[in-house]
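Some terms used for protein structures rest on a cut-off or a counting rule. The questions below ask how such terms apply here.

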Amino acid sequence: MMKEFFLGKSTSSAGKRTRRNFLNYIFGSSLATIAIGYLLPKPSQSRELDLETLCSLYPQNSRCLNYLPGVKAQDTNGKVIQADTLLAKATPGIPFPVKGLPNDSVDYLIIKDGPQIAEYAISPICTHLGCTVEWHPERNHFICPCHGSQYDSVGRVVQGPAKHPLPLITVVVKQNQVRLVATKPAIDPR
Ligand code: FES
């Protein structure tokens, strides 16, 4: 029978059906193989994803010595921030606005005593209904312009209707760079 397929000698309708099935099988298998090849991550891609996650959560891990996760933080004028320059002028307890993430949001670094840049920053999305909160230095609070929720300088609710603290993103300080990563930090200290 196989010989008839390739020599084209099968003339019965049953033979034609079988040959059609055979060709459909070969064609279908080829398409499936191509699709799987596109869908499965390449070895280098999956390694990069793993390092991005690992080095965002645990930047001191030995595999992360030369890996910088996320993106460089910029000030609100778009100038890249150096960690030492920032620490020379930032005040502990006062959130410092930064940009850099692809959504173009302004996030807020937390400056701890030391001074030190905290491993997390505040994303200013109100947890009531999603409006963007603004930092009011005269009140020392983030205030939501939509329904008046207020949050303290690390994003804890001090006045509703919001019930939950502001979301956090991850910050990695390395090689004098401040890197923003759009995922939750390993620990929420609040
Ligand atoms: S959306 Fe912020 S208080 Fe309602």
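Q: What makes Tyr108, Trp135 and Phe142 belong together in this predicted model?
A: Tyr108, Trp135 and Phe142 form one aromatic cluster. A search of the whole structure finds 2 aromatic pairs.

Q: Why is the aromatic pair of tyrosine 108 and phenylalanine 142 called edge-to-face?
A: The ring centres are 4.9 Å apart, and rings pair if their centres lie within 6.5 Å. The planes stand at 75 degrees, and an angle over 60 counts as edge-to-face. The pair is therefore edge-to-face.

Q: Why does the pair tie together parts that are apart in sequence?
A: Tyrosine 108 lies in strand 3 (residues 107-112) and phenylalanine 142 in strand 6 (residues 141-143), so the pair links parts that are 34 residues apart in sequence.

Q: Are tyrosine 108 and phenylalanine 142 buried or exposed?
A: Both are buried, a word that stands for under 20% relative accessible area.

Q: Why are strand 7 and strand 8 said to pair?
A: Pairing needs at least two bridges, and 2 bridges join strand 7 (residues 150-151) to strand 8, so these strands pair. They run antiparallel. Glutamine 150 has glutamine 159 in strand 8 as its bridge partner.

Q: What makes strand 5 and strand 8 edge strands?
A: The open sheet has the order 5-6-7-8. Strand 5 (134-136) and strand 8 (157-159) each pair on one side only.

Q: How do you know that strand 2 and strand 3 pair?
A: They share 3 bridges in the antiparallel sense, and the rule asks for at least two. Phenylalanine 96 stands opposite leucine 109 in strand 3.

Note on methods:
Residues are numbered from 1 along each chain as its sequence is written. This is a predicted model: local features need pLDDT of at least 70, side-chain atom pairs count only at pLDDT 80 or more; totals for chains, interfaces and linings use all residues. Side-chain values use heavy atoms; hydrogens and water are left out. Helices (H or I, at least four residues) and strands (E, at least two) are DSSP runs, numbered from the N terminus. Rings of Phe, Tyr and Trp (its six-membered ring) pair if their centres lie within 6.5 Å; planes under 30 degrees apart count as stacked, over 60 as edge-to-face and the rest as tilted. Buried means under 20% relative accessible area, exposed over 50%, partly exposed in between (1.4 Å probe, protein chains only).
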